[in-house]
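Open the model in your viewer and keep the selection panel at hand. This tour goes stop by stop: what to select, then what is there.

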Amino acid sequence: MIKIYATDTCVYCHALMDWFDREGIKYEGHDASEDPTITSVPVTRVELKDGSVIEVRGFDRPAIKNALKHLAE
């Protein structure tokens, strides 16, 4: 499962979600203002089968691609 925490006004958040949409990557969008642990956006949380979570802050494509590789394991 992939969750993206974003705000309506964040250009990088929208670029990240647009990229996921173009790549056909399914995700759940969440309003970052509803989670007090989110202090910057975007935040991508990749929940793995073993229950662990990889969190990437910002629109860091290499880090996000690396996290997504772990979903297939």
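Helices (H or I, at least four residues) and strands (E, at least two) are DSSP runs, numbered from the N terminus. The model is predicted, so local features need pLDDT of at least 70 and side-chain atom pairs count only at pLDDT 80 or more, while totals for chains, interfaces and linings use all residues. Residues are numbered from 1 along each chain as its sequence is written, and side-chain values use heavy atoms, with hydrogens and water left out.

**Stop 1: A67**

Select A67. It is found in helix α2. Is A67 buried or exposed? A67 is buried, at a relative accessible area of 1%. Buried means under 20% relative accessible area, exposed over 50%, and partly exposed in between (1.4 Å probe, protein chains only). Now show its contacts, meaning heavy atoms within 4.5 Å. Leaving aside neighbours within four places in sequence, A67 is in contact with V46, I54 and V56. The C-alpha atoms of A67 and V56 are separated by 8.2 Å. Along the chain these two are 11 residues apart.

**Stop 2: I54**

Move to I54, in strand β4. I54 counts as partly exposed, with 23% relative accessibility.

**Stop 3**

Two packed helices are described by the angle between their axes and the distance between the axes. Select α1 (residues 11-23) and α2 (residues 61-71). Their axes come within 13 Å and cross at roughly 45 degrees. That makes α1 oblique to α2. Axes are lines fitted to C-alpha atoms, for helices over the stretch in contact, and angles run from 0 to 180 degrees between N-to-C directions. Angles under 35 degrees count as roughly parallel, over 145 as roughly antiparallel, 65 to 115 as roughly perpendicular and the rest as oblique.

Show side chains next. From α1, the contact is made by L16, W19, F20 and R22; from α2, by R61, I64, K65 and L68. These residues divide into 5 nonpolar, no polar and 3 charged. Here Ala, Val, Leu, Ile, Met, Phe, Trp, Tyr, Cys and Pro count as nonpolar, Asp, Glu, Lys and Arg as charged, and the others, Gly among them, as polar.

**Stop 4: the aromatics**

How many aromatic pairs does a search of the whole structure find? It finds 3. Rings of Phe, Tyr and Trp (its six-membered ring) pair if their centres lie within 6.5 Å; planes under 30 degrees apart count as stacked, over 60 as edge-to-face and the rest as tilted. Select W19 and F20: ring centres 5.4 Å apart and planes at 75 degrees, so the pair is edge-to-face. Both W19 and F20 are buried. W19 lies in α1 and F59 in the loop between β4 (53-57) and α2, so the pair ties together parts that are 40 residues apart in sequence. F59 is partly exposed, at 24%.

**Stop 5: P42**

Finish at P42, in the loop between β2 (28-31) and β3 (43-47). The peptide bond from V41 to P42 is cis, with omega near -5 degrees.
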